[in-house]
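The notes below follow the order in which I looked.

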Amino acid sequence: MEHLLNYCATKLQEATVAAYIKHGSYSKTAAALGTSADTIKKRIRTVKATAAKAGIAPEAGLTHQTATGFATKRVSTLYKEDGSIGVQWHIQEQDKSQQLDSLIKALDEYSWKPAPVIPHSGLKDADLLTLYTLTDYHLGMYAYAQESGEPWDHVIASQMAIAAVQKMINGSPDSALGVLNIQGDFLHWDGLDAVTPASKHVLDASTRFGHLVDLALDFIMGAVELLLKKHDSVRVIICEGNHDLVSSLWIRKAVSKIFRDNDRIEVDQTEFPFYAYLHGDIMLGFHHGHKVKNRSLPALFASEPRYRHMWGSAKYTYIHTGHYHHSEQDMAEGGGAIVERHPTLSSRDAYSARGGYTSWRAAHAITYHNKTGECLRVTVTPNAL
């Protein structure tokens with residue numbers, strides 16, 4: 001078991017393996033670490049899988065370490081009559097999972113201290129909900145001003161994001177509930193390599209992914225703390241986007257852990273690219289826009305089993321999307337919902353500029369009354385920040 005210590009991706013895995021070596025059983029290890037035996041089994045199984053991928057699994061006759069950055073693709077073994085290994089072939093390939101390992105390491109090293117509990121600033125208007133939306137922000141993207149028209153990098157993006165949230169807060173009423181809606185594609189890419197997750201198109205990046213993890217969490221924490229000072233309670237929605245399929249998931253989990261001691265914040269844990277919330281007679285739906293077109297979303301939310309009751313209870317329904325970087329509002333004919341595509345605050349990248357795509361850059365804070373729907377809108381643009 002000692003060899004597993006060399007294949008632990010996190011400090012927690014290392015502590016678990018060390019404790020198992022010391023205590024010799026899952027139950028005793030679990031008791032020592034204050035968890036369950038099943039949890040210990042899963043952690044050790046994960047480390048064993050990592051070691052096996054690197055070519056080390058003595059119990060299965062694998063004892064040859066793969067080259068750095070490579071993983072075992074296939075092993076062929078010729079056994080002698082006595083059961084010992086005669087000849088063994090190890091086929092190696094580049095380790096595609098190292099991106100995930102890098103992410104795990106970055107998250108493990110992040111400071112997981114719970115955020116301070118921010119006290120109430122006084123009772124707010126219980127009839128109101130204010131929705132703060134940032135979509136297609138592409139944190140980490142690089143844009144060369146001479147090519148795209150305006151510069152963009154992680155420094156500009158980080159400063160503009162928190163300034164935009166503050167300006168939207170300043171212009172919005174004292175609603176009891178504030179909703180931070182990160183409407184997908186908050187991060188420009190999703191792993192060690194700056195490429196799109198599905199098509200592997202190479203992207204222009206202004207920093208490394210480990211730094212991007214820090215920037216993303218710093219912004220979310222800062223924005224949530226600002227909203228907690230403004231509203232009685234805060235709800236956070238991190239929508240899945242086509243650029244940040246995995247990152248939307250880990251950001252959601254991370255924010256839950258960071259604010260675990262504050263009962264005034266709730267993070268939507270829906271692991272499904274369609275999200276919804278009922279505010280009195282008002283239903284709010286959310287989808288990045290990469291899976292289903294706007295005109296089809298009312299039917300989807302009305303028929304989706306987990307949202308049918310919500311749809312039936314609502315007098316008005318507003319569905320929010322992004323994805324195309326420009327504004328679009330439409331009353332879907334016969335659909336019974338207002339579907340709105342939000343613009344982005346981010347600059348164009350080289351792909352958009354060279355393709356001739358343009359859009360009006362902005363972000364909206366929309367306040368809804370729980371009986372009558374939208375009652376106030378605050379719009380911020382880059383020029384005002």
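I took helices as DSSP runs of H or I with at least four residues, numbered from the N terminus. With that in hand, I note that α1 is followed by Gly-24, whose phi is positive, near 80°. The model is predicted, and I read every value here as computed from it.

I then went back over α1 itself, which covers residues 11-23, has 13 residues, and reaches 18 Å from its first C-alpha to its last, close to the 18 Å expected at 1.5 Å a residue. Which residues of α1 are buried? I found Gln-13, Thr-16, Val-17, Ala-19 and Tyr-20. Seen down the helix axis, these buried residues of α1 fall within an arc of 165°, so they line one face. On the other side of α1, I found Lys-11 and Lys-22 exposed. When I looked for what covers the buried residues of α1, the list included α2 (26-33) and α3 (37-53).

Next I turned to the nonpolar cores. The largest has 53 residues, and those with the most contacts inside it are Tyr-137, Leu-139, Phe-186, Leu-187, Phe-219, Ile-251 and Phe-259. Helix α7, residues 209-230, gives the most to this core, with 14 residues.

Note on methods:
Residues are numbered from 1 along each chain as its sequence is written. This is a predicted model: local features need pLDDT of at least 70, side-chain atom pairs count only at pLDDT 80 or more; totals for chains, interfaces and linings use all residues. Side-chain values use heavy atoms; hydrogens and water are left out. A nonpolar core is a set of buried Ala, Val, Leu, Ile, Met, Phe, Trp, Tyr and Cys residues joined through side-chain atoms within 4.5 Å. Buried means under 20% relative accessible area, exposed over 50%, partly exposed in between (1.4 Å probe, protein chains only). Helices (H or I, at least four residues) and strands (E, at least two) are DSSP runs, numbered from the N terminus. The expected span of a helix is 1.5 Å times one less than its number of residues. The arc is that of the directions from the helix axis to the C-beta atoms. Contact means heavy atoms within 4.5 Å.
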